[in-house]
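I opened the notebook to record what I looked up, entry by entry.

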Amino acid sequence: MVRSPRPVGPRTLAERAAAARGMRAALARGDLSRVVLLVPDPHARFAAVELSGRFLAEEVLASGYGVCTYVFAWDPPREALPVAADSPLARYVDGYGDLRMRPDLATVTALPDGLTGIVCDVEWPGGEPARAAPRQALTEQLAALEATGFVPSAGLEHEVVFSDSGGPLTGHGVDYAVGGTERMRPLLRDLRAALDASGLGVESARAECHPGQYEIVLRHRDALAACDDALLQQLVVRSVAAEHGVRASYLAAPEAGQGNSCHVHLSLATTAGAPVSGEGTELSPVMASFLAGVLRDAAALTPVWAPTWNSYVRLRTAPFSPRELRWGVDDRTSSVRVAGRDGSLRLEFRFAGADAQPHLVLAALLAAGRAGIEEGLPLPPPGVVLGSLPGAPWEALAGLDRVAKLLGDEVAAQQEALLRAELDAGCETVTDWQRRRGALRA
């Protein structure tokens with residue numbers, strides 16, 4: 001079985017590149033039967049192309065493979081977004097030509113059905129990076145952070161709800177429970193085996209607080225691997241769930257008052273590998289300024305944390321999906337929790353829903369945090385409320401200038417187009433809530 005190792009902890013971009021070179025010989029033999037090239041799109045899913053392993057070895061490793069430009073400018077149903085001719089995003093829907101996928105061999109993963117998945121970077125035919133690609137946005141922020149002398153380690157926690165035609169697989173919340181999860185057990189047994197075979201490196205798994213909700217956490221690793229592997233895990237989860245006739249939903253708010261989150265645990269080290277997060281539960285000056293930068297820009301970056309109409313339902317499910325911008329030590333009601341101590345000291349960012357694009361979430365955190373480091377921003381005391389995240393998608397549009405400053409014009413244009421399309425779609429839909437509301441006026 002060919003798969004890339006997933007080392008725990010931080011890893012520089014150069015160290016990742018060396019690991020990829022080490023995988024090239026194994027793949028160049030053409031021993032794999034079927035390979036799936038995977039490109040993370042703006043909706044926290046993959047655009048995929050299946051190839052033969054021999055074709056990959058003989059041509060694709062050297063020359064890349066095509067993928068249509070609009071995968072970075074489409075809506076959830078995979079229709080091209082309406083984009084103005086002068087938008088930085090326009091060239092992604094002008095002619096629908098090909099970008100070139102470049103397999104990142106540090107991501108080789110065993111998938112169900114005998115497939116091997118490889119996550120790809122994407123470039124224009126002339127070699128220019130596709131800057132609307134979420135993975136490219138994260139790579140650029142990692143390079144910029146490394147230039148200041150730091151490299152992150154990240155762990156992502158995604159919650160998922162399992163349901164079938166009868167509803168959620170548990171009839172009530174089963175937070176940390178063993179009993180009450182019996183209907184889940186056949187699914188979890190097969191899911192455990194598939195994740196073990198994938199080599200993704202599961203740290204923990206447990207039932208969660210809402211009906212049918214479960215959480216599977218991978219061990220912390222370099223930021224690119226953390227995001228790639230979170231999406232690969234979702235791919236495995238959905239595949240195994242489907243075999244059981246079960247739907248695995250990463251909707252941010254499965255029901256009113258409920259939330260599926262994407263919590264991000266993040267620590268910093270020097271590029272030489274020395275930890276710099278702090279001692280005990282006290283943040284180092286570098287980490288404190290990083291946190292101050294994120295808190296300053298968190299509201300403006302809401303289109304990244306909350307990309308869908310449903311995201312804003314989740315943001316109203318306090319206290320565990322808090323909109324208030326404040327931090328605290330081991331306080332899950334704060335939007336940023338200082339967790340662990342000494343060697344495990346880290347920041348847990350609780351802004352994003354499970355529907356958020358993880359590469360963009362990490363890119364946004366790193367961009368805002370790096371700005372805080374570079375400016376030496378002071379960190380306000382714990383518990384002080386510094387504002388709040390927007391409570392509605394139209395309010396989030398106000399922060400797009402800052403998104404452009406932190407993540408670039410193409411990402412900002414993409415996020416604006418996506419959010420406006422989400423608003424349009426919502427305003428063009430008659431929901432059960434509207435019908436019930438209308439009945440009250442009779």
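Is Y65 buried, exposed or partly exposed? I looked it up: Y65 is partly exposed, with a relative accessible area of 30%. My scale calls a residue buried under 20% relative accessible area, exposed over 50% and partly exposed in between, with a 1.4 Å probe and protein chains only.

Ground rules. I am reading a predicted model, in which local features need pLDDT of at least 70, side-chain atom pairs count only at pLDDT 80 or more, and totals for chains, interfaces and linings use all residues. Residues are numbered from 1 along each chain as its sequence is written, and side-chain values use heavy atoms, with hydrogens and water left out.

Entry: aromatic pairs. I paired rings of Phe, Tyr and Trp (its six-membered ring) if their centres lie within 6.5 Å; planes under 30 degrees apart are stacked, over 60 edge-to-face, and the rest tilted. The count by this rule is ten aromatic pairs. I took F55 and Y65 as one of them: the ring centres are 5.9 Å apart and the planes stand at 85°, so this is an edge-to-face pair. F55 belongs to helix α2 (residues 53-63) and Y65 to strand β3 (residues 65-68), so the pair ties together parts ten residues apart in sequence. Helices (H or I, at least four residues) and strands (E, at least two) are DSSP runs, numbered from the N terminus. F55 is partly exposed too, at 26% relative accessible area.

I then checked Y70 and Y96. Their ring centres are 5.7 Å apart with planes at 85°, so I noted this pair as edge-to-face. Both residues sit in the loop between β3 and β4 (98-103), and the pair links distant parts of the chain, 26 residues apart. Y70 is partly exposed, with a relative accessible area of 22%. Y96 is partly exposed at 43%.

I also logged a cluster: F290, W305, F349 and F351 form one aromatic group.

Entry: charges over rings. I counted a charge as over a ring if NZ of Lys or CZ of Arg is within 6 Å of the ring centre and within 35 degrees of the ring normal. R78 has its charged end over the ring of W74, 5.2 Å from the centre. R206 lies over the face of Y176, 3.8 Å from the ring centre.

Entry: helix packing. Two packed helices are described by the angle between their axes and the distance between the axes. At what angle do α9 and α11 pack? I found about 85°, with the axes of helix α9 (residues 358-375) and helix α11 (residues 400-407) 9 Å apart. That makes α9 roughly perpendicular to α11. Axes are lines fitted to C-alpha atoms, for helices over the stretch in contact, with angles from 0 to 180 degrees between N-to-C directions. Under 35 degrees is roughly parallel, over 145 roughly antiparallel, 65 to 115 roughly perpendicular, and the rest oblique.

Which residues meet there? From α9 I listed A363, A364, A367, A368 and A371; from α11, R402, L406 and L407. Contact means heavy atoms within 4.5 Å. By class, the contact of α9 with α11 has seven nonpolar, no polar and one charged residues. Here Ala, Val, Leu, Ile, Met, Phe, Trp, Tyr, Cys and Pro are nonpolar, Asp, Glu, Lys and Arg charged, and the others, Gly among them, polar.

Entry: A404. I placed A404 in helix α11. Leaving aside neighbours within four places in sequence, A404 is in contact with D409 and A412.

Entry: L195. This residue is in helix α4 (residues 185-198). L195 counts as buried, at 5% relative accessibility. Beyond four places in sequence, L195 is in contact with L200, V202, I216, Q233 and V236. L195 and P112 are 83 residues apart in sequence, and 9.2 Å apart C-alpha to C-alpha.

Entry: S239. I found S239 in helix α5 (residues 223-243). S239 is partly exposed at 22%.

Entry: phi. Most residues other than glycine have a negative phi. Y96 has a positive phi, near 50°. D113 also has a positive phi, near 65°. D113 is in the loop between β5 (109-110) and β6 (115-123), and is exposed, with a relative accessible area of 66%.
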